[in-house]
Amino acid sequence: MAQSLRVHNFGVSSDGIGAGADQSRDHPFGHVDPEQLFTWARATASWPGRTEPGGSRGLDDYVVRDWARNIGAEIMGRNKFGPQRGPWNDHEWRGWWGDEPPFHTPVFVMTHHERPSFTLSDTTFHFVDGDPESVLEQARVAAQGKDVRLGGGVSTVRQFLDADLVDSLHVAVLPVKFGSGLRLWESPDELLDRFHLDVVPSPSGVVHHLFWRK
């Protein structure tokens, strides 16, 4: 089967906003509180960062569990890796992911300012300058036949959607409005020319939007 490019557990507000302005090292999502975006996922038994037993089961847990299924590589934008802009002037700081990143695969960070790759635990970060098509090709090779996950952020997902490279997309819509910030869409209907869509409400209040290519 062909390798798919998949987006998973991507949280947005009911007005389509997935991140805020004024990103910094202490505020990866800018003025947007990430707890509002991810509380539903962190409550599940399958949340990758869970260090204690327990957590909820059911629909939310099912979609969180799917995050790692058959994934061989990840693509992310530079702003998901860290808040630095321009040339890399601090090589000592190695992103928001700590010494044990949750990816467990090669990660391709899209940037116009390349830097040497490095490895934390079993995750190697590669910093690549290229258009979505060329970066996806590198990730597919590294994935060794498995699928590639497109991790975000908002601008990067939009880039790959605009290039018509995304095969499936899971967006968790939260029952909150942020008003301003980086917007994934004005309406999910914008994608219906290329994707089928199932909309599944969860008891947690999240509404899961599941897109797959026509």
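This is a predicted model: local features need pLDDT of at least 70, side-chain atom pairs count only at pLDDT 80 or more; totals for chains, interfaces and linings use all residues.
**View 1**
Phe 81 and Trp 88 make an edge-to-face aromatic pair. Their ring centres are 5.9 Å apart, with 80° between the planes. Phe 81 is buried, at 0% relative accessible area. Trp 88 also counts as buried, with 11% relative accessibility. Phe 127 is buried, with a relative accessible area of 4%.

**View 2. An aromatic cluster and two arginines over rings.**
The model has 14 aromatic pairs in total. One aromatic cluster is formed by Trp 67, Phe 81, Trp 88, Trp 97, Phe 103, Phe 118, Phe 125 and Phe 127. Two of these rings carry an arginine over the face. Arg 94 lies over Phe 118, at 4.5 Å from the ring centre. Arg 149 places its charged end over the ring of Trp 67, 3.6 Å from the centre.

**View 3. Strand β4 pairs with β3 and β6.**
Strand β3 (residues 71–77) and β4 are parallel, paired over 4 bridges. Within this pairing, Glu 74 stands opposite Val 107 in β4. Another 4 bridges join β4 to β6, and these strands also run parallel. There, Phe 108 is opposite His 126 in β6. In a regular strand, side chains alternate between the two faces of the sheet. In β4, Val 107 and Val 109 point one way. Phe 108 and Met 110 point the other way. All four are buried.

**View 4. Helix α4 has one buried face.**
Helix α4 covers residues 132–143, 12 residues in all. From first C-alpha to last it reaches 16 Å, close to the 16 Å expected at 1.5 Å a residue. Which residues of α4 are buried? They are Pro 132, Val 135, Leu 136, Ala 139 and Ala 143. Seen down the axis of α4, the buried residues fall within an arc of 100°, so they line one face of the helix. An α-helix has 3.6 residues a turn, so residues three or four places apart point the same way. The buried residues of α4 are covered by elements including β1 (5–13), β3, β4, β6, β7 (147–152) and α5. Just after α4, Gln 144 takes a positive phi of about 55°.

**View 5. Thr 156 in helix α5.**
Thr 156 sits in helix α5 (residues 154–162). Is Thr 156 buried or exposed? Thr 156 counts as buried because its relative accessibility is 7%, and buried means under 20%. Leaving out residues up to four places away in sequence, Thr 156 touches Met 76, Gly 77, Met 110 and Leu 150. Of these, Met 110 is one of the buried residues of β4.

Notes
Residues are numbered from 1 along each chain as its sequence is written. Side-chain values use heavy atoms; hydrogens and water are left out. Helices (H or I, at least four residues) and strands (E, at least two) are DSSP runs, numbered from the N terminus. Buried means under 20% relative accessible area, exposed over 50%, partly exposed in between (1.4 Å probe, protein chains only). Contact means heavy atoms within 4.5 Å. Rings of Phe, Tyr and Trp (its six-membered ring) pair if their centres lie within 6.5 Å; planes under 30 degrees apart count as stacked, over 60 as edge-to-face and the rest as tilted. A charge sits over a ring if NZ of Lys or CZ of Arg is within 6 Å of the ring centre and within 35 degrees of the ring normal. Two strands pair if DSSP finds at least two bridges between them. The expected span of a helix is 1.5 Å times one less than its number of residues. The arc is that of the directions from the helix axis to the C-beta atoms.
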